[in-house]
Amino acid sequence: MLSGTADPRIMAADAPFVTTPATEPLVCRGAEVLQAVYEVRGDARQAVLPPALHPVNPPAITVTVIKAEESDVGPFTLAETRIICRSGPRSRGLHVSCFVQGDEAARLLAERWAYRVRPAEVELRRRYHGSTAVVRCGELRPLALDLLDPRPLSPADLRFTDALQLARTPAGIRLLQVERAYEVHEAGRGRPSLTAFDAAAWGEPRLHPSHPISALWATADLTIRPVRYLCRADVGALEGTERIGQ
Amino acid sequence: MKFGIFFELSVPQPLSRSDEAQAYGDALEQSRLADELGFTTAWAVEHHFLQEYSHCSAPEIFLTAVAMSTSRLRVGHGGVVCVPQINHPIRVAERAAALDILSGGRLDMGTARASTITELGGFGADPDTTKMSWDEYVHVLPRLWTEERVRYEGTTFSFPERPVLPKPAQDPHPPLWVTVTSPGTERDAADRGIGCLGVAAASFKEQERRTADYRKRIQQCDPVGKAVNDQVATMNYLFCHEDDAVATRVGGAMFTAFGMLNSNLLWAREVYPTPAYQSLGNLAAGGVARIRDDDPSRQRPVPEGVAIGDPERIVKAIKVWESVGVDAINFLLNTANLVPQEQVLDSMRLFAAEVMPHFAEGGR
């Protein structure tokens with residue numbers, strides 16, 4: 001089975017330093033979510049993952065935009081890219097980075113959950129004919145994503161995956177398992193259209209979206225849970241998983 | 001109880017052509033031995049693009065080779081992906097009929113709909129409609145095999161009147177099966193009068209519930225074919241050795257490796273929100289998760305019911321499957337060439353000598 005080949009020390013060079021992982025949840029009520037899944041070119045599928053993680057076939061990323069107007073830290077908007085992967089047998093997404101509009105949320109997400117936060121103007125708009133997300137960061141436009149031809153789905157048809165986020169910690173380099181729970185009120189699926197994705201701006205220039213898979217939108221109460229697990233980045237999950245507090 | 005073997009034709013990475021050739025060659029040799037030992041059927045899956053997990057993309061070719069080198073072993077074409085973008089229904093009927101003729105009427109016909117976005121996306125198939133297309137296939141295939149000329153206008157495919165040739169050797173036609181992964185598919189099978197080809201590792205209790213439900217419903221079935229197939233088969237792993245510790249070590253590694261490869265597939269359910277896929281695909285992560293969560297110092301690395309162990313342990317496990325109403329068990333014999341071929345063959349011989357005689361049909 002293939003594993004990642006990236007050097008965790010190099011990957012973690014600019015990762016957040018997390019002294020104490022989150023012990024309290026961050027609750028966002030009535031958040032709007034737009035998420036697209038794209039296949040990416042396969043030539044770097046192992047090179048973008050640490051040895052702890054395994055690539056999927058075909059390699060793919062999720063791009064998620066969340067507009068949280070009512071949260072424990074005030075309103076914020078977040079756009080995130082993850083690489084779909086496996087930790088042992090489990091489905092996970094390796095957090096690449098995120099753009100956040102909202103200073104307090106940005107600080108908390110970086111310090112407690114190891115989000116690689118970049119300040120930006122993040123816009124998510126839902127219209128009758130679909131949803132649109134744009135990220136502007138100075139002169140850069142790291143993301144322009146549309147969901148077209150929306151059709152309603154049952155909330156039960158949606159499936160979200162937990163993330164692993166690389167951090168420098170007092171114990172060394174670790175992947176924090178970040179669990180986002182969604183209580184979905186309304187959901188749908190559409191056709192994704194990615195008109196801008198500046199991979200270098202996201203911090204991983206080897207990600208080249210090549211083929212659309214799906215796009216979903218939802219309104220949901222979203223909870224970013226306290227961190228329960230840390231994983232070493234240099235060995236597999238069966239060997240390198242640590243439960244916090246044990 | 002009948003015993004079959006089941007091929008994914010997994011190949012280790014990094015890929016080499018010699019490893020692929022070895023996987024195919026080993027599987028053919030295992031089939032010949034299975035024929036001699038009294039196994040009933042050799043099943044071969046159909047998968048596309050699933051690097052390492054399954055290199056069995058042209059099972060009808062492989063099964064033709066199996067049929068040509070065996071005399072009694074049935075060949076299980078299971079499951080053919082019943083999605084028009086992957087296999088046109090007429091081509092499915094033609095190939096199956098040819099295989100049935102060449103095998104001397106030894107074909108069992110499995111049907112499936114694929115559950116990874118790797119496969120569905122690779123052919124541009126719409127995950128929302130695969131259940132619908134599968135349903136149309138199972139209704140049309142028996143007609144293509146038994147009616148001189150067939151015309152069909154459906155939702156996922158249509159074709160004008162044609163004489164589809166050849167017709168199969170078996171009269172009226174080969175037994176039809178459906179691979180059962182998602183809970184509820186056993187009901188679809190029962191309602192249509194076709195066999196349940198289980199490829200998911202259900203617990204004893206779950207299998208008992210599903211089998212009872214199937215037996216009850218099939219009494220009221222509206223058969224899609226000219227004959228009802230009311231058999232329930234499950235999938236299992238086989239590594240039999242006199243020394244239970246050796247069996248556990250070698251077979252456990254195979255079991256774990258297969259579960260890990262399976263969990264690395266990119267399931268439609270995971271990346272394409274749809275009501276058409278309510279569960280992940282076969283085997284999912286359950287078996288492996290159990291291993292991880294158990295204390296390795298106290299537990300065997302294979303769950304209850306898996307046919308890995310010494311003959312006594314395997315007999316006990318199969319007795320339980322028998323008691324819950326299962327008619328046949330199909331065994332996966334290796335994963336990615338992990339177990340040396342001689343050990344696989346020895347395991348099959350020991351199973352035939354020490355386990356098969358405990359069961360009524362002794363495999364055949």
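This report walks through the confidence, the core and the chain contacts of a predicted model.

Residues are numbered from 1 along each chain as its sequence is written, and chains are lettered from A and ligands numbered from 1 in the order in which they are written.

The complex gets an ipTM of 0.94 and a pTM of 0.93 from the predictor.

## The nonpolar core

A nonpolar core is a set of buried Ala, Val, Leu, Ile, Met, Phe, Trp, Tyr and Cys residues joined through C-beta atoms within 7 Å; buried means that 20 or more other C-beta atoms lie within 10 Å of a residue's own, with C-beta atoms placed from the backbone. The largest one here has 187 residues, and Phe331(B) is among those with the most contacts inside it. Strand S1 of chain A (residues 26–40) gives the most, with 9 residues; strands are DSSP E runs of at least two residues, numbered from the N terminus.

## Where the chains meet

Contact means C-beta atoms, placed from the backbone, within 7 Å. By that rule, 23 residues of chain A meet 23 residues of chain B. S14(A) brings the largest share of chain A's side, 3 residues.

How values were computed. This is a predicted model: local features need pLDDT of at least 70, side-chain atom pairs count only at pLDDT 80 or more; totals for chains, interfaces and linings use all residues. A residue is buried if 20 or more other C-beta atoms lie within 10 Å of its own, exposed if 12 or fewer, and partly exposed in between; C-beta atoms are placed from the backbone. Helices (H or I, at least four residues) and strands (E, at least two) are DSSP runs, numbered from the N terminus. Two residues are in contact if their C-beta atoms, placed from the backbone, lie within 7 Å.
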